[in-house]
Amino acid sequence: MEHFTAAFSNFANFSGRATRTQFWMFMLVYFLIIIGLTILEVVIGLPTILSSVFSLVMLVPSLSYGARRLHDMGRSGWWQLLIFIPILGFIILLVMFCMPTKPESIEAYPPQK
């Protein structure tokens with residue numbers, strides 16, 4: 001949960017690095033909250049208002065975490081634009097987010113203190 005709350009204190013910081021653990025723990029909590037809100041909307045009979053608002057609020061923190069994760073592998077955060085390529089872009093990004101840290105990328109993207 002600390003990785004998820006850290007996203008709000010660092011929500012607009014697109015520089016630095018994020019480890020695999022930080023990124024995937026953030027995504028796990030994010031998806032669990034989305035699933036919970038969706039179930040709540042179905043049970044109450046609301047349209048998808050709650051989950052849509054939550055996704056909109058989490059847009060910038062998600063993009064910044066993704067950029068920092070890509071920096072950890074020595075890539076630019078602009079690689080996230082691959083998501084706009086149907087199916088293939090998602091698969092490529094998923095593979096990139098699962099790759100290990102590249103130690104040589106520390107000079108290009110130093111860790112935040």
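Predicted model: local features only at pLDDT ≥ 70, side-chain atom pairs only at ≥ 80, totals over all residues.
Residues are numbered from 1 along each chain as its sequence is written, and side-chain values use heavy atoms, with hydrogens and water left out. Local features need pLDDT of at least 70 and side-chain atom pairs pLDDT 80 or more, while totals for chains, interfaces and linings use all residues.

Helix α2 covers residues 20-44; helices here are DSSP runs of H or I, at least four residues long, numbered from the N terminus. Its 25 residues reach 36 Å from first to last C-alpha, close to the 36 Å expected (1.5 Å times one less than the number of residues). Buried residues (under 20% relative accessible area, 1.4 Å probe, protein chains only) include Phe 23, Met 27, Ile 34 and Leu 37. The buried residues of α2 pack against α1, α3, α4 and α5, contact being heavy atoms within 4.5 Å. After the helix comes Gly 45, with a positive phi near 90 degrees.

Now to the rings. Aromatic pairs number 6, where rings of Phe, Tyr and Trp (its six-membered ring) pair if their centres lie within 6.5 Å, and planes under 30 degrees apart count as stacked, over 60 as edge-to-face and the rest as tilted. Phe 26 and Tyr 30 are stacked, because their centres are 6.3 Å apart and their planes at 20 degrees. The two sit 4 residues apart in α2, about one helical turn. Phe 26 is buried at 0% relative accessibility, and Tyr 30 is likewise buried, at 12%.

Definitions and conventions. Buried < 20%, exposed > 50% of the residue type's maximum accessible area, 1.4 Å probe, protein only.
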